[in-house]
Amino acid sequence: MNGKQISIAVVVMMFTIIAWLNPAAAQIKKNQHKMEKKILFVVTSHDRKGNTGESTGYYLGEVSHPWEVLHTAGYDIDFVSPKGGKAPVDGFDLSDPVNKQFWEDKTYHHKIENTMKPSDVDPSKYVAIFYAGGHGAMWDFADNKEIAEIARKIYENNGIVSAVCHGPAGLVNIQLSDGKYLVDGKKINAFTNEEETAVKLENIVPFLLENKLKERGAIFEKSGLWEPHVVTDSRVITGQNPQSAKAVGEAIRSALQ
């Protein structure tokens with residue numbers, strides 16, 4: 001092989017390598033982008049309202065409406081629950097088109113029926129965590145140290161912590177690395193004392209969420225019964241009731257963008 005042939009061979013090899021690297025680099029970039037767009041939804045594993053005999057769980061609309069906003073915006077959503085596995089559902093109303101869309105989405109139906117355990121979660125993969133409500137959350141969110149630690153890591157990695165309705169029960173015991181409660185000094189919103197009384201469960205739930213958040217130093221904001229109300233303060237986003245669920249999703253989307 002003479003010098004000219006060697007030069008041609010080298011050029012061909014270089015173009016071959018470049019052609020191979022470009023798709024590989026694009027795929028790596030695509031995977032990194034996808035990883036950067038993951039959000040973790042937390043749902044309850046608890047299925048009974050105290051000793052009433054009534055069933056409960058996560059409230060479907062409080063998952064589906066934020067999901068619809070964030071999924072449409074291109075975010076990949078994973079689900080975790082205190083016990084992992086199938087999560088009990090409440091507020092099961094498929095006449096709501098968004099509920100129906102979520103429930104009939106094969107990928108997400110499988111995810112919600114097979115939630116991750118906290119030990120399965122790598123917090124570094126998520127830009128936000130969202131605690132969905134439903135009365136079950138009042139029994140198994142507040143004292144779950146594993147999920148609280150996941151939320152702390154996401155928050156301290158410049159991510160967002162969010163919740164709606166009874167979901168903020170998951171925020172009451174989150175402590176940051178400096179020992180301060182996450183909600184201390186922040187404007188926070190959740191299911192109110194008046195709303196708990198209106199559904200006649202004020203003496204059934206383990207604690208009143210509004211009171212507990214105030215005990216932790218939260219600056220509690222609220223509107224009237226069943227009125228949408230969303231508060232954003234220092235990468236913490238909270239909504240008052242089921243009527244606030246979509247707006248919480250929109251606030252998360254806006255904060256991430």
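Helices (H or I, at least four residues) and strands (E, at least two) are DSSP runs, numbered from the N terminus. The model is predicted, so that local features need pLDDT of at least 70 and side-chain atom pairs count only at pLDDT 80 or more, while totals for chains, interfaces and linings use all residues. Residues are numbered from 1 along each chain as its sequence is written, and side-chain values use heavy atoms, with hydrogens and water left out.

**View 1. The lining of the largest pocket is shown, with H2 giving the most to it, namely three residues.** A pocket is an open set of points on a 1 Å grid over the protein atoms alone, where a 1.4 Å probe fits, with protein on both sides within 12 Å along at least five of seven lines, and lining residues have an atom within 4 Å of a point. H2 and H9 each supply at least two residues of this lining.

**View 2. Helix H9 spans residues 245–256.** Its buried residues, meaning those under 20% relative accessible area (1.4 Å probe, protein chains only), are Ala245, Val248, Gly249, Ala251 and Ile252. They cover an arc of only 160° around the axis, which puts them on the same side of H9.

**View 3. Lys200 lies in the loop between helix H7 (193–198) and helix H8 (209–215).** Phi of Lys200 is near 60°, a positive value in a residue other than glycine, and at 68% relative accessibility this Lys200 counts as exposed, a word used for values over 50%.

How values were computed. Expected span 1.5 Å × (residues − 1). Arc of directions from axis to C-beta.
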